[in-house]
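Notes follow in the order I checked them.

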Amino acid sequence: MSGNEASLIEVDGPWTHRQVSAGGTRFHVAEAGEGPLVLLLHGFPEFWWSWHNQLVSLPAAGYRAAAVDLRGYGGSDKPPRGYDLVTLAGDAAGLVRALGEANAIVVGHDWGGLLAWTMGVYHPKVVQRLAVVSAPHPLRLRQAVTSDPRGQGWATRHTFGFQLPLWPERRLVRDNAALVGRLLHEWSAPGWPDERTEQLVRKAVQIPGAAHSALEYHRWLIRSVARPDGIRYAHRMRAPIQVPTLQLHGTLDTCTLPGSAQGSGRYVAAPYRWKLIDGAGHFPHQERPRAFDAQLLGWLADPEPER
């Protein structure tokens with residue numbers, strides 16, 4: 001990470017920044033607190049800053065919170081490949097071990113949520129509990145896109161647009177990443193993002209290699225559907241999740257519709273809880289942090305979360 005990148009990514013706050021190696025890839029992590037490890041996985045088009053509220057609330061509640069820049073984002077390495085959900089789940093499982101723990105509570109938003117669902121199937125021993133935010137189970141998402149083309153299909157149109165080579169990268173970073181700012185506003189409820197968050201996210205996506213890496217996630221998701229790797233992944237993901245799972249979703253989410261996320265519980269064999277966050281769009285942990293934290297911390301404090 002260059003000096004310029006470090007000054008952008010390593011935002012000061014009641015947390016510490018460090019580089020952690022897992023499986024030969026270096027990841028930037030912002031962490032705070034002591035106690036059971038909570039691994040926080042951001043979505044598109046963000047970076048670790050997505051969780052800055054929870055890097056305060058989780059430590060205050062007795063947890064060790066670690067917000068990572070996913071592969072290709074922020075201050076983490078940007079290798080040419082490895083942007084499939086199986087490799088990404090391996091990254092996160094390796095990070096838990098690299099942070100000195102056998103397992104962790106995994107909280108994922110958007111792409112981080114798809115990744116969290118995947119960890120629950122591919123690395124069940126590493127996942128103590130699973131909380132997914134604005135992210136249907138991958139098989140439920142696939143079903144929603146095909147069965148509701150005018151609803152979830154239209155809401156996911158950006159992913160189909162990202163399949164083109166080169167041009168989407170240029171479009172993403174053009175005019176100081178104006179498109180990124182527009183997506184943040186379009187997918188959230190009125191009043192978010194705040195100016196600081198928007199500028200940080202727009203600058204982070206302009207780090208060399210970040211835009212291309214971010215788009216590679218979307219490309220794998222579509223292109224793998226008919227390929228052997230995608231077929232294997234879909235088959236494996238039918239296995240039920242065996243850890244307590246919380247699913248949180250904003251009522252006003254226009255990127256991943258609440259109806260598309262609902263029904264993911266059919267893939268969970270363990271205690272499962274579904275909660276809507278009123279008045280929040282696609283980023284409930286940032287738009288309505290108090291309401292979000294009340295749900296997350298209440299569920300974490302419950303030794304036997306209900307089905």
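I started with the residues that join H4 to H11: Leu 114, Thr 118, Val 121 and Tyr 122 on the H4 side meet Arg 232, Tyr 233 and Arg 236 on the H11 side. I sorted this contact by class and got 4 nonpolar, 1 polar and 2 charged residues. The model is a predicted one.

Next I took the geometry of the pair. The axes of H4 (residues 111-122) and H11 (residues 228-236) come within 10 Å and cross at roughly 70°. Angles of 65 to 115 degrees count as roughly perpendicular, and H4 and H11 are therefore roughly perpendicular to each other.

I then turned to H3 (residues 85-98), which packs on H4 at an angle of about 80°, the axes being 8 Å apart. H3 and H4 are therefore also roughly perpendicular. H3 contributes Leu 85, Val 86, Leu 88, Ala 89, Ala 92 and Ala 93, and H4 contributes Trp 111, Leu 114, Leu 115, Thr 118, Met 119 and Tyr 122.

Last I looked at H14. Which of its residues are buried? I found Phe 292, Asp 293, Leu 296, Trp 299 and Leu 300 buried. They cover an arc of only 140° around the axis, so they lie on the same side of H14. Arg 290, Ala 294 and Ala 301 are exposed on the other side.

Technical notes
Residues numbered from 1 in each chain as written. Predicted model: local features only at pLDDT ≥ 70, side-chain atom pairs only at ≥ 80, totals over all residues. Heavy atoms only, no water. Axes fitted to C-alpha atoms, helices over the stretch in contact; angles between N-to-C directions. Helix = DSSP H or I, 4+ residues; strand = E, 2+ residues; numbered from the N terminus. Parallel < 35°, antiparallel > 145°, perpendicular 65-115°, else oblique. Contact = heavy atoms within 4.5 Å. Nonpolar A, V, L, I, M, F, W, Y, C, P; charged D, E, K, R; others polar. Buried < 20%, exposed > 50% of the residue type's maximum accessible area, 1.4 Å probe, protein only. Arc of directions from axis to C-beta.
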